[in-house]
Amino acid sequence: MTTDQLPAGETETTGGGAAVTVRDLRISTTSGVEVVHDISFEIAPGEVLGVVGESGSGKTTVGLSLLGHARRGLKIAGGTILLGDRDIRAMSDADLRRLRGSLVSYVPQDPASSLNPALRIGIQLREVLEAHGSTDDKENAARIAEMMREVALPDDPAYLKRYPHQLSGGQQQRVGLAMAFANRPRLIVLDEPTTGLDVTTQSTVLTTVRELAQIHDVAALYVTHDLAVVAAVATRVAVMYAGRIVELGPADKLFESSGHPYTRRLVGAIPRLTGGRSLVGIPGHAPSPGKRPAGCAFGPRCRLHVPECDEKVPDMVPLGPDHSSRCIRAHEVVDFKQDDYGDPVALPEPQAEKPVLTIENVVGYYGSTEVLHSINLTLEQGEILAVVGESGSGKTTTARAISGLHHSWTGSIRLGEMELAKSARARSTDIRRQIQYIFQNPYGSLNPRKTIGESVGQPLSVFKVASGKKADAMVGEMLEQVSLSAAYARRYPDQCSGGERQRVAIARALIAKPSILICDEITSALDVSVQAAIVELLGELQRELGLSMVFVTHNLPLVRSIAQKVAVLADGSIVEYGETAKILANPQQEYTRHLISDTPSLEVATGEVASGAGVADGERPE
Amino acid sequence: MRFLRGGGIAGFVIRRVLLGLLVMLLVSIIVFVSTQLLGDPARAILGRDATPDRLAALQKQLNLDSSKVGQYFHWLGGLLSGDLGTSLASSQPVTSVLGARIANSAVLVVLAAVISVPISIAIGSYAALRREKVFDTVSSNLMLVLAALPEFVVAVLLVILLSTNVFHLLPAISPVPPGTHAWDYPDELVMPVATLVIAVAPYVSRIMRASMIEVLESDYVEMARLKGLPERTVLIRHALPNAIGPVFQVIAINLAYLAGGVVVIESVFNYPGIGLALVDAVNNHDIPVVQALAMLIAAVYVVLNLLADVATILVTPRLRTRL
């Protein structure tokens, strides 16, 4: 370690050989536009550094650079990346190949697409050993079995003969972890490895990562957009915004007394289990590479903005041991109380005794398999009912049965007084208008060949509400109502961000003036701050328009901020059903308690709420 | 519908063979109906001056006086028992007329396939690897030009280049004498085979390039590299098996096209294969020969598609394990 060459002001935190030291790392496109600027950090053996940022902040790019890899169109333009005392940037291609998978390994975001669909998992595990010199079949088999046990997967030969598609998402990700730890690396880069997994699986994966890092003294870089996940896994956190680290410090410091306004806003955007505060999104967008301002990139969105912010990019201001923030007003910010979470939610009182939707004894089938067992729910006028559960619990099937998209069910679903036909096709146009559905993935649910205006206006012509100028005016009005401008009508979906697309999908549903809105995991593909903004919007719309909503989600804290009632589903049955506040504060069922404790949340991580069997079971290194 | 599932790969093949037989049955009906449009075979044989008596006698001999349905089943029965009827032009059994011709065309098509498929897979893969570099730009554009040229133009260009005006290396025509085999005259095979290779290679290499690019951009190839695997292993074990699946379908369609498309090539080079036989048979109103060749070409399509589907399934575990 060449600590004497470190710039002044950087504190050596690790007391001797850091596993990895990054100094002034710059990454640019091959055409020369810088996308990641002056990144410096280090990670000690056994330590997990969380890198938090929204999509486009450069966090994955930084993570991959630790393996000497830059994606197509990008290149590492400057700085040093020291692994121990070897500079990765100075290595030849052959050296890099030997490094990857042995000294530094990578756990990708989407395990389903990162495992080769044509190869058995046993082969994919074995080749990472063979590529790095272990050619003894017997030893390799023993090592693979050991790894499989460490990630809590079966180690029998039959299991290893499976193909990736024969595994669940959580199992696939654990195979990815086994692969990453196979050669006992000194550094592991984890790129959002739990995004897309449900909370229980996420919780076990997080526990595995933390334990393996500690047991084997491995340094880990954990990239994520979810602060709550970071709180569960990392000891130190780097917050990235627009290609720069804006704050770097111990995890608990960042959540309690953050020194950067952006971190503050991110913390405020996280759904909280306690209190039921409304979520506050961050208005505006992060600037894209090449369009970043000369001064602080967060300036245009910052409430504490002063003219000096725009003069030059602020330096990192030290705030305490191992805690610094890239904000000229950091010393003021750090003294604020974290009070900008948003006000406690005052959810409107639903009009009781006037159910808009009644579900009685609904039993759902896939083929001859019963997947929903006798579901009974009611939705009052002006109420938001959250349907919560893990993947496979039947929550989406319930939503699809209500909307008539899934038509293999028996029982009774009534809209007001009216009995609904099983499939949407058998229902009248007016009933279809009254039940509107918003899909999970805004990237897939908007027709890429239609303008936003055409997509939003379509219900008007389908339901013969309006046409021509009048329809255009209504579309414009609707877009304003979801906090977009009428000018968006001329854009195409690929010109919009994920959050904007989801607003468009909401506008398309609302323009039909539905009696019930069904939201199927509509925020799970979005960044935390965008999720907060969408939930904020739905809350406003509900108060203004008196909407009744079925809100399907796996995110329990999110439910607290929006829904009056919650139904918890497990294996196709409702295990708990009632007022949100009561159920979250005092869950009666073991399953609900698990769901709550497995959900990564700031409260659990910072000790506000005692943890159950799940995440922070006293294992988090202090 | 339960019998439509299960049985693994063998079950799948059996189901597809049965389906193929059904397709062939439908094709036989269409072939039979459409060949009726070629006119009265008896009149074709006897010429325009035939007397009504002789015409009637020949129609009776050719079984043309029974109902159309009766004629169809008579013909179908013959097909199933291997009796393709008698050529009207040569009065020889169709099997002996076509036997040598089929062998000649098969030599042409198989040679073209064996040469063009590996070459175009290699070109497509290498272009994908060197994407947007010189090799890719040159090969992609060249392939596009070749794909746009009709085969007979390619054939004529080859003749000008190699057999007549420029160089005089190879014979310009390939008239394999009756009673001999095509493979006895390797120099006569070069030009027709080259033309067919040029006809097929562009399609296969372009789809291979596109498929390979998609696979090389995939997360699992990036992951394989980040595992530190040697580039050879990444390409051969991780990329190729996934990229080649969609290519099998294109290869099958192209080879099937060759089986029919040899018509033009064979007539350019005067090569005695089924293509030339088909042209002659249509000109002569030799209905049994036309029918036999139509059924043969249809069978080639069915068999090649079946092989392509089986090959695709073999390299795609997700499909295989569902059987």
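A: A quick word on terms before we zoom in: domain bounds come from an automatic or database domain assignment. Keep in mind, too, that this is a predicted model. For chain A, the assignment gives domain 1 (12-103 + 184-335), domain 2 (110-182) and domain 3 (351-588). Taken over C-alpha atoms, the centres of domain 2 and domain 3 of chain A are 40 Å apart.

Now for the sheet. Chain A has an open sheet of 6 strands, in the order E18-E19-E20-E15-E21-E22, and its pairing is mixed. At the edges you'll find strand E18 (435-438) and strand E22 (573-579) of chain A; each has a single partner strand, so one side of each is left without a neighbour in the sheet. On average, neighbouring strands are turned by 15° against each other, ignoring direction.

To get from E19(A) to E20(A), the chain passes through helix H19 (residues 528-545) of chain A, making a right-handed β-α-β crossover.

A residue counts as buried if 20 or more other C-beta atoms lie within 10 Å of its own. By that test 5 of the 5 residues of E19(A) are buried, so the strand is largely enclosed by the rest of the structure. Ile516(A), Ile518(A) and Asp520(A) point one way, while Leu517(A) and Cys519(A) point the other way, and all are buried. There's a helix here too: helix H18 (residues 498-510) of chain A lies across E18(A) and E19(A), running at about 170° to E18(A).

Val568(A), for one, has Glu576(A) in E22(A) as its bridge partner. Helix H22 (residues 590-598) of chain A packs on the sheet here, touching E21(A) and E22(A), with its direction at about 100° to that of E21(A).

Notes:
Residues numbered from 1 in each chain as written. Chains lettered and ligands numbered in written order. Predicted model: local features only at pLDDT ≥ 70, side-chain atom pairs only at ≥ 80, totals over all residues. Pairing = 2+ DSSP bridges. Helix = DSSP H or I, 4+ residues; strand = E, 2+ residues; numbered from the N terminus. Axes fitted to C-alpha atoms, helices over the stretch in contact; angles between N-to-C directions. Contact = placed C-beta atoms within 7 Å. Buried ≥ 20, exposed ≤ 12 C-beta atoms within 10 Å, placed from the backbone. Right-handed = clockwise from strand over helix to strand, strands pointing away.
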